[in-house]
Each structure stands twice: as structure tokens, then as C-alpha cells.
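Walk through this model from the whole chain down to its parts.

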Amino acid sequence: MMDNSNLILNFVTQGPTVANQSIRSKLKEVRGGWKEKNRVRKSLKRELKKTNSGNKETSLTSTIVETGSKTNVLPEELTSKKQSNQTNKSSNNGEKEILNQFHNHLSSDSNNKTQIISSIFTRNPEIVDVHENKISTKNIANYKPSNAPINDTSFIGMGLNVDLVANVKDKLGVENPTNVQKKAIPILLSSIKNHNDTNNKDTDIVLQAETGSGKTLTYLLPIVHRLICITNDLHNTDQKTSSPLSRSIGTLAIILTPTRELAKQIFSVLEILLNIPPSRLGGRHLAHWIVPGSITGGEKKQSEKARLRKGISILVCTPGRLLDHLSNTKSFIVEHLRWLVLDEADRLLELGFEETLQNILKILDDRTETENNLKNNLFTSPMWPKKRQTILCSATLKDDVKRLVGYSLSNPIYISGNDYSKGQPYSTPNQLKQTYVITPAKLRLVTLTAILKSLFNDKNMDQKVIVFFSCCDTVDFHFDLFVNSGNFQKEKINNISKDDRELIMNIDEKSHKGSNSKSKELHILSTVIPKVRLFKLHGDLLQRDRTTTFNEFSKSKSGILFCTDVAARGLDLPNVAKIVQYDPPTDLKDYVHRVGRTARLGKKGDAILFLLPSEIEYINVLKTHEIHAEPVQVEALLEIFVPKNKNKDYKVIATDIQLRFEEYIYSDTKCITLARKAYSSFIRAYATHSASEKHIFHVKKLHLGHIAKGFGLREAPSNINSNNPKTNSNSSNSKNKMKKKKNGDETRGDKPRNLSLKRLAEEDVNDEFAIGSYSSLLGPTTKRKKKG
Ligand SMILES: Nc1ncnc2c1ncn2[C@@H]1O[C@H](COP(=O)(O)OP(=O)(O)OP(=O)(O)O)[C@@H](O)[C@H]1O
């Protein structure tokens, strides 16, 4: 148990600073031995030096408060009765209150060493006025939703099977097609409509459509439709007696997706499409031979083999497992494969599956019958595609995807779902409201708390929010903090009034009933945001837990999901109202996918991006890609801590919340370890920003002490590598992960975590590791400064 006694608080003041104080007179007030006095002297001198150096940052005064048996020094302007000349009274009152809070905090604690606590409102870098920065924004109110269903078009009019359409309407509430569906489905059905046209050869297709525009149904509906038509055609002809339609025909369609979650999601949509009630089909069952299946790893291979042997007509899978079965499962028949869908193609490449994809394509090319090598003409139905049709889907279309298109598709047709953003590799829904907040590192945690608190108030509890972090450790840390620190603080804050306590933490007796301190729980009531369930999802969780969390959050009416980019791609989580990008994405593609978890199918949605003052240039990067975000002031967000009828300074409450977070963290070595690991992993993840963004997101631009504060740490850990045993490439844990990856565990979703600094330095000699070297990343720390 760490304590908070003898804290020195750095503090903004408007009157004379410590420079005008006699250090000696202050030292007289300090009780204790020479060691203690020496320590205080050094600290005061340091502050004096900083103040004199005249840097642009906010002026600083050291404040030492009396704690228990020891005396610390208060700033003169706050202890003096002569404060009448001060220009900003309310601010100063706030400061006094913050001091009192500190006093209260500290007086209950015991006699341990002096520790420096930096105030979250001091020494923050100047924030460039974003309005002066001439960042033009667009008025989203003028734009129509770009991914909404179009009322004047119907699926039946496009030629889709009536029963299939009715089933989709009944089960999924899907009535009218979206823009991309309207454009692509007729082309994917083209050989049916134009089967007399011998030149029509089931063209390959590249689908670039915005997030939430219904890409899954765009390719699934035509495939299912055509298989139904083939069945009906054969029923109506002589082939009925010697029908080749059975499961033994093997796999006719393969849908390849980057993650297991996505595969499961697509599989469940497929099951719905194929499960047309017999009552609709005049008592018949839909073609019994069309069997959906999914193989995604994580399951025993033997059981997958058995299912493949029986026959899976439409197979949803992840690349590692598919290649494994193509290479090793003899009973896996792909000779008659007619459709290959590469869903979330950009993500497939990003996760390093290019070689796997090439091998898959090679095997399929060798084994699949083409028009020229038809062994026997099984199907005379005009709906039977004459050659394998490849459909590539991606919400973004960058160079690597274009390269994949080059070697996996032949003469493809490009279909874009958004008329407004033709030619743009990145496109976000028009109706999505995008904002950003420039937050000094020390204010990040309280600002996140403010946003989450403001979203869940008594009037508005039923909504879902996703908060994106850069790596697993930061998810774990924040999850634990928001689950447990409220409870902890409740016991600790007996020395402030009940009114203030409720104001600060919004503590509600009922909200704690369902919560406990088991941080292993995957979804649990938050004690910081009362009555709200918290979920977490990242690549380091067991597959079983990931599936449970995904399903629970999906079904839940309200809640907050803390996650890495593992949840950014393709996952259809209904009714998400707000996306918070607490850590900026390491790639612009991720920005598009993250914000795409809201504003789906024409619905409204909000997204807010956190940026450090040094990262403001990122807004211009977004702008050049036609992504327009409006600024929100951090003060405006923090103001929500103060209810309208209360005359309080938001800084007082924000400071208190930060202190309580810190108290919780320092109450237990486990919590400190979690915070340090999160801090270290955050820095490592930061170093993986793409080269084109290194001028904005550069580790050497980070003030590590301030970043640490954002993790509730009072000083930056001095060795970021040793804090995270998982980065040790010799550890068995690390080895297991490498093995897992080889076996096709494609969903870790947070590549930064496994990168050791040494490896990064070796791989990226031109970036900050070359300039600043490995050791520069470890400092400067408060500790080091002290020594210096
Ligand atoms: N025409 C439609 N009308 C109403 N809802 C639809 C329509 N098409 C699809 N949907 C629903 O929209 C949701 C999103 O679909 P889907 O996941 O396929 O989007 P997506 O374009 O693949 O998004 P992302 O790029 O984020 O993966 C699903 O719940 C689906 O059932």
C-alpha cells in the first residue's frame, strides 16, 4: 500500500511565484531531519529555475501542504490574506479549493516520504487555437445519409427471389437496398438476366463501399439467390432424376474474412438467409443440399475435417485455417467452387495474410474447374456461373489493395457505394458527426471520464459507446480503473461532504450492487460511470471470452465497450451512438473503420477523436482525405462535471477525480503494475504510427511524465521494457503467441503490443529509434530529472 502523505503539488497561481519567496524562510517551516529539508530545498530550487527560465508554459508554483505531523509550504498568495488584487477571483478560489482537497486527502495519511504530484492543470503545452488554424469544416446537416436504404428501389425489382426477399424482410427488417446494393446486386445477378448474352461471364467485382452500407448482403444475397434458382431449375428439368445436387458436390462459395468475429457474424447472416420457413415455400424445404459452414481456427481441426467431408456448400473462413485445410484435408472438395469473396481485403493484407492469400489463390486456381477444363457439365442451368467469380470488398482502397486486385481478379468492375467521394480511398458516412478535442496529456483521463459521464445521464441511459485504445494493456488498465476505482474511492473519501462526494463521483448505492472487484469479468457495472455496464474486447482475451463479449455487447441496449482495433473492422454492433478514439489510430484506414461502427445504414452517429496539442496537424491530414471534424474545447467537456445549479470550478472536480484515480492506482501494487504496463505499451504502440504520419505522431514529441499522468502515474516508469515481460522475446508467453499467430490466430488486432523496442529500432532505422535511440525512449523521467 502506497500512501499520499507529504505530497508537493504543482499549481498555477496568478500572484507572486515562488521566485519571490525566501526559500530559507520556507525551509524553516519544514519539520523533519536534514534529509527532508534537503529534499524540499532541491524541489523549491528546481521550481525556481523553471519559473525563471521563462518558458511559454503556464507559470508554476510549488505548494507544500501540511500533512499529519509534517509541515509543508503553501504558496504565499494562497495563504496570504492580501488577495484583493488578483485578477481572476474564481480561478483562484478554485485553486484554494484544490489545495483544501489535497489537504484533506493528505491529512488522513501517515508519515511517509515526500512525493511530487503534478497538478493536471499546470505546465500543459499551449493549445493552438483551432479556429485560427483555418481548418474548414463541412456542415453535415446539408448532406443526406450516404449509406441509407433507398426507398424508391426494391430487391424484387432487382430480380431477387421473392421468398428470399420476404425472409430477409421478416428476419432482418431489410426492405430496400442501399446504394451499393442497388449498384452491385444486378451485376452479380447478371448472368441470370442476360444469360443469352454469351459475352457475359460473371465479372469479377471490387466493392468499395462505406462502413455500414450492407456489403455482406450485397454479396450473400446474389449467391444464395443463384443457388436457389439452380435448385428450382433442376427440379423443373429431367436432371431431377440424376440430380448432382447434394452436399458431396463440395464447396461452391468461399467467403474469406480477416477475423473470427467477422466470420461468425457473416455465418449467422448466412444461416438466416438460408433458413426460409417451409410455409413460405409451399411446405417445401429450401434446397437441403445448400449447407452453410464456418471454419475459423480455435476449434478442433478433426471436427472441421469431418464437417468438410460431409460437404459445406457456402464456407465462411479465416485465411490460416482455410490454407491449412486446402493443403491437408483431402476430403475438402473445391473443384466446383464458383464464388470467392475477399471481405475486408485491406485488413487481410494489414494482418500479413498476403502470402497466405497467394497460396490459397494458387491452390484454388489449380483445382477449380474453369470453362476450358470442365470435367463434366454438371449444370445446364443458366444461373450456374461459367467461371469462378471473385468479389473483393473493402471500405478503403489503398495501393496494397489495388495490388491484390491486380493478381486475384481479372478485369474487375469497380463499384463505389458513395457518389460523393468518387476516387477517394477513404470515405466516411455523410451523416456521421465527427469532432476532435485537443487534450493535454495530463487531462486525458479526466476528459474521457467527463465524456462518458455526459453521455450517460438519468435521461439517457440506453445507448452504446465504443472507446478505442491502441493496445490490450491500455484496455485492461482503463477497464479495471472504471470498474473498480469508484468503489475504492467511496471508502476513501469520508473527509469530504456527501454532497461533494456525489458531485465528484456520482456515486449511487444501487450502481454498486452488481459490481465486484473481479477484474476478470468481461462485462460489469462501472463504479465510475454509475449504472453503466462496461465491456472489453481485445486480441489477448480467450476466443471464448471475445465471442461472449461481442454477443453480449451486441445484444445489450446500453453499455461502454473498451477495445482495440480488433473491434474496428466489419463488426456490426447495432445502435452504437458514439465512438471515442481515445488513442488516435495508427493508420487512417483504422480511423475510417473505427468511426464506421456508428452511423450505419443511414442512422445518425457521433465520433470524437482525442489528440495531444502536438498532434493537431492530424486534422489537416484528415481534411486532405475529405474527412472533416469539428473542434470541441476540452474546457467545454470538463464543464459537465459541474451541474448547472452548483457554483463550482470544474478544475476542482477534475483534479479531485484525477487524485482519486491516482489513489486507487497507488493503493495496490497490482494496480500500479497494470498502469505501468499500460503506459509502456502505449508508448510502444505510439511508435508504430505509419511513416507518413511520423512528423505528427513521434515518440520524441511526447512528454513522458505527462503521458504517465494520463495513466494515473505520478512519474514516468524509468524502464518501459522491463515493465512488460511480454515484450521479452525469450519469454515462453511470447513464444506461444508467435506459435498462435502461425496457426492462424489472425485476430490479435493490436500488433504494437508484441513489438519490443529493440526490434522496432532494428526494423525502423530511420525513425525515432535511430535518432533518439532506445535509451531516449526511456526518459526523460521525473526520477532522472531529480538525479540531474
Ligand atoms: N438494405 C438494407 N436495409 C436495412 N438494413 C440493412 C440493409 N442491408 C444491410 N442491412 C443491415 O445493416 C447492417 C450492416 O451491414 P454490414 O455489416 O454488411 O455492413 P458493411 O457495409 O459490411 O459494414 P462494415 O464496412 O462496417 O463492415 C447489418 O445489420 C445488416 O443486416
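Among contacts in the chain between residues at least 6 apart in sequence, 80% link residues at least 24 apart. Contact here means that the C-beta atoms of two residues, placed from the backbone, lie within 7 Å. The model is predicted: local features need pLDDT of at least 70, side-chain atom pairs count only at pLDDT 80 or more, and totals for chains, interfaces and linings use all residues. Numbering runs from 1 along each chain as its sequence is written.

The chain holds 29 helices and 18 strands. These are DSSP runs, numbered from the N terminus: helices are H or I with at least four residues, strands are E with at least two. Of the 788 residues of the chain, 47% count as buried. A residue is buried if 20 or more other C-beta atoms lie within 10 Å of its own, with C-beta atoms placed from the backbone.

Now the sheet. Seven strands form an open sheet in the order β6-β7-β5-β8-β9-β4-β10, with parallel pairing. Two strands pair if DSSP finds at least two bridges between them. β6 (292-295) and β10 (413-416) stand at the edges; each has a single partner strand, so one side of each lacks a neighbour in the sheet. From one strand to the next, the twist averages 15°. That angle is taken between N-to-C directions, on a scale from 0 to 180 degrees, with axes as lines fitted to C-alpha atoms.

Four bridges join β6 to β7 (residues 314-317), and the two run parallel. Glycine 293 stands opposite leucine 315 in β7.

Helix α11 (residues 319-328) has Pro319, Arg321, Leu322, Leu323 and His325 as its buried residues. Their cover includes β5 (253-256), β6, β7, α10 (301-310), α12 (345-350) and α13 (354-367).

Helix α15 (residues 444-455) is mostly covered: ten of its twelve residues are buried. Among them are Arg444, Thr447 and Leu455. From first C-alpha to last, α15 reaches 17 Å, close to the 16 Å expected. The expected span is 1.5 Å times one less than the number of residues.

Which residues come nearest to the ligand? Of the 21 residues around the ligand, they are Thr211, Gly214, Lys215, Thr216 and Gly570. A residue is near a molecule if its C-beta atom, placed from the backbone, lies within 6 Å of it. Helix α8 (residues 215-235) gives the largest share of the shell, three residues. By type, the shell divides into eight nonpolar, ten polar and three charged residues. Asp, Glu, Lys and Arg count as charged; Ala, Val, Leu, Ile, Met, Phe, Trp, Tyr, Cys and Pro as nonpolar; the others, Gly among them, as polar.
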